[in-house]
Protein chains: 2
Amino acid sequence: MEQRKLRNMEEFAVASGISRPTLSKYFNDPASVRRSTRERIEQALKQYDYRPNVYAVNQNRSKTKNIGVVVPNLADPFFSEIGREVELACLAAGYSPILLSSHGNPKQERDNLEALRSLKPAGVLLAPFGRVSDRADIEAFNRDVPVVLFDANIEGACEAFVGTDNFQSVDLIVEYLCRSGEPPCFFEMKSPSNPNANKRRQSYLESMQRHGHTPHIYQAEGEGWKFEAIGSIEGARLMSARAFATNTVLCSNDRLAIGMLSAAYGLGIAVGHGVGSALRIAGHDDHPFSRYTCPSLTTIGQDYAAIANRAASTLFRILDAETRLSEREETLFDGKLVMRDSA
Amino acid sequence: MEQRKLRNMEEFAVASGISRPTLSKYFNDPASVRRSTRERIEQALKQYDYRPNVYAVNQNRSKTKNIGVVVPNLADPFFSEIGREVELACLAAGYSPILLSSHGNPKQERDNLEALRSLKPAGVLLAPFGRVSDRADIEAFNRDVPVVLFDANIEGACEAFVGTDNFQSVDLIVEYLCRSGEPPCFFEMKSPSNPNANKRRQSYLESMQRHGHTPHIYQAEGEGWKFEAIGSIEGARLMSARAFATNTVLCSNDRLAIGMLSAAYGLGIAVGHGVGSALRIAGHDDHPFSRYTCPSLTTIGQDYAAIANRAASTLFRILDAETRLSEREETLFDGKLVMRDSA
DNA sequence: ACTTTAATTTTACGCGCGTCAAATAAATAT
DNA sequence: ATATTTATTTGACGCGCGTAAAATTAAAGT
């Protein structure tokens, strides 16, 4: 950085003694120039302060090195964690991630995709709301930009899907709960904003049948993303009314469970798996706060990093091949049982 | 959208019957063209599918309509909430917000600023880590791009600061705790990653003096952003050893308090303000989960929206004036006491 | 040393838009 | 109706870089 700032690639070319087209090649792909040239360029980069103008670089390209990452709600720690993992994977592969949150609003999801469209991303990693009504928009987008879905599946849409195997994970915790006490009831939102919820209910039903138990499903009224509030209010109602058929409740996700635990505390109900406990509560997702609930929450841990990295690497594979996948891929990772104190 | 997609402004010009320079003016500022022309353009926009190419638009501009928003850690709900508020404010003012998280890593904060630099943002809203060592980098950045700080102050740096008045807020909760029971001890991290923590300690000391009580400060070992874990481990240690001088503990922030509450639960210590309770615990920030702790956490609520909007509008003011502020501004909002069950 | 192959340089054009100056047209004031 | 002001059009250039073709140079193979 001994010199003045260089204003464009031309100036850097004369300063470094490398022709501009070669520099252009280098910046697009450092491996595309001869080793000795690359070293000369990198030497010069240390001496002079120059970076290609982002806007000029992308102006002509039909595809940029940008990758859009769209999650439904960054305020949910699950998505902020997995969003971070995805960002890191993109950076490591030489792409520029652009992380957008839809703030719990499906309309914003469409807006985000539209906003991304003008950024000409090479590809998009999308954790969709998964509502049926959004399907057409997302498929239309996927026609222009390769999209890999993660977390929530939209059957048959986009290039690939990567997520947790809800059938495996729910079966795992149902089996644990059955072995260690009364078979679980299932507590969920009446109108879930996420297709995983439906998979989990379905899996609960099948799993209970397989184990020869009668399933009991309790659905909470309430819309939106205030899961804790809904779990708390509706959980309190059900617990006060002694509505649950057994002393064990499996919640469709941790945030509902967190709300319900707080309601149980308020009602003076002893939650836990030990003697003297009146109720067992379990969740699903291993939310970052689940370790600090009272009692700590027994739940299913999802492999954030694996999901994020597989989703990213699948997209990179498509981008490298410069062609779409011949067949849609679906990768499901197993959930892991996290035994804590609540069940 | 009856027509084919238009490829550039020239095509849109012939299709709409408006000259390209006029269209260019319109897209830069719709209010800069005559009302009748504006209506014709907007009519045409409905008919034809055209949007200016983001990259071409920004190529020549020395300042774009982008605003960088940098927060230390999006995984912390406080920052994801306030980040969202800031984004909305930018959109409402016609700017494009670019939200970046430093993932708890000060080096990433520098990287984020560098990344923003090549995006030529009109301005930046920064919630800094606030470490002394980062000061020079941030001030250097501020020389090129106007920066407004929020949440964490760096004394004298950048154009303005907007945050919560920790002296007011801590005094408020100290006074409440003194009035309603034993005066509080103060529980914080030994090496806090945030200057607010220092302000809060200072304020606790002054407030206790003013009320004629002896202050007691307890510092938790531990680095990084795992506040709950630190609060839990160190809180358990202190509670087991009966180290706290009074039965009331004010935590420097809610996440520490959440960890401590979980530790208290594990130790069988009854937390709360009612009869039969052995310990009162209070926090600061009104973290989204504080409502669902057991018992629910008494704390100080910050006005996220007010802070975000004031920070944004201060930046807009600078951008409109096209000149820096004659004097650095500092705006502090009052915290509000949120009385729940834990104290 | 000579041929073959690969990489670099030279030259030149285009991308989509910002922006300027001069000419023209429309709206407003007189 | 005419003068004045304001807005639009026309025409032209430049921004920083991608990229293509031809000429040149360097590296690798024999």
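Among contacts in chain A between residues at least 6 apart in sequence, what percentage join residues at least 24 apart? In this predicted model, the figure is 70%. Chain A contains twelve helices and twelve strands, and the C-alpha trace of chain A extends about 80 × 40 × 30 Å along its principal axes. Of its 343 residues, 45% count as buried.

The domain assignment of chain A gives three segments of the chain: domain 1 covers 9–52, domain 2 is made up of 66–163 + 305–333, and domain 3 covers 166–301. Between domain 1 and domain 2 of chain A, the C-alpha centres are 33 Å apart.

The two protein chains also meet each other. In this interface, 27 residues of chain B are in contact with 27 residues of chain A. On the side of chain B that touches chain A, at least two residues come from each of helix 4 (54–60), helix 5 (77–92), helix 10 (227–240) and helix 11 (254–267) of chain B. By class, the residues on that side of chain B are 14 nonpolar, nine polar and four charged.

Two or more residues of the surface near DNA strand C are given by each of helix 2 and helix 4 of chain A and helix 2 and helix 4 of chain B. That surface has nine nonpolar, twelve polar and three charged residues. DNA strand D is likewise surrounded by 24 residues, and here the closest are A:Asn8, A:Met9, A:Ser24, B:Arg34 and B:Thr37. For DNA strand D, helix 2 (20–28) and helix 4 (54–60) of chain A, together with helix 2 (20–28) and helix 4 of chain B, each supply at least two residues of the nearby surface. The residues of the surface near DNA strand D comprise nine nonpolar, twelve polar and three charged.

Helix 6 of chain B, residues 106–117, has twelve residues and reaches 17 Å from its first C-alpha to its last, close to the 16 Å expected at 1.5 Å a residue. The buried residues in helix 6 of chain B are B:Glu109, B:Asn112, B:Leu113 and B:Leu116. Viewed down the axis of helix 6 of chain B, these buried residues fall within an arc of 95 degrees, and therefore they line one face of the helix. On the face turned away from the buried side, helix 6 of chain B carries the exposed residues B:Lys107 and B:Glu114. The cover over the buried residues of helix 6 of chain B includes strand 1 (66–71), strand 2 (96–101), strand 3 (123–126) and helix 7 (135–144) of chain B.

Helix 11 of chain B, one of the helices on the side that touches chain A, is mostly covered, with twelve of its 14 residues buried. Among them are B:Leu256, B:Ile258, B:Met260, B:Leu261 and B:Tyr265, and also B:Asp254 and B:Arg255. The buried residues of helix 11 of chain B pack against strand 6 (185–189), helix 10, strand 8 (248–251), strand 9 (280–282) and strand 10 (299–301) of chain B. From its first C-alpha to its last, helix 11 of chain B reaches 20 Å, close to the 20 Å expected at 1.5 Å a residue. After helix 11 of chain B comes B:Gly268, which has a positive phi near 75 degrees.

The backbone itself deserves a closing look. Most residues other than glycine have a negative phi, and most peptide bonds are trans. A cis peptide bond joins A:Cys294 and A:Pro295, with omega about -10 degrees; A:Pro295 lies in the loop between strand 9 (280–282) and strand 10 (299–301) of chain A. In chain B, a cis peptide bond joins B:Cys294 and B:Pro295, with omega about -10 degrees, and B:Pro295 is in the loop between strand 9 and strand 10 of chain B. A:Lys120, although not a glycine, has a positive phi of about 45 degrees. A:Lys120 is situated in the loop between helix 6 (106–117) and strand 3 (123–126) of chain A and is partly exposed, with 19 other C-beta atoms within 10 Å. A:Arg242, a residue other than glycine, has a positive phi near 50 degrees. A:Arg242 belongs to the loop between helix 10 (227–240) and strand 8 (248–251) of chain A, and counts as exposed because it has 7 C-beta neighbours inside 10 Å.

Conventions:
Residues are numbered from 1 along each chain as its sequence is written. Chains are lettered from A and ligands numbered from 1 in the order in which they are written. This is a predicted model: local features need pLDDT of at least 70, side-chain atom pairs count only at pLDDT 80 or more; totals for chains, interfaces and linings use all residues. Two residues are in contact if their C-beta atoms, placed from the backbone, lie within 7 Å. Helices (H or I, at least four residues) and strands (E, at least two) are DSSP runs, numbered from the N terminus. Ala, Val, Leu, Ile, Met, Phe, Trp, Tyr, Cys and Pro count as nonpolar, Asp, Glu, Lys and Arg as charged, and the others, Gly among them, as polar. The expected span of a helix is 1.5 Å times one less than its number of residues. A residue is buried if 20 or more other C-beta atoms lie within 10 Å of its own, exposed if 12 or fewer, and partly exposed in between; C-beta atoms are placed from the backbone. The arc is that of the directions from the helix axis to the C-beta atoms. Domain bounds come from an automatic or database domain assignment. A residue is near a molecule or strand if its C-beta atom, placed from the backbone, lies within 6 Å of it.
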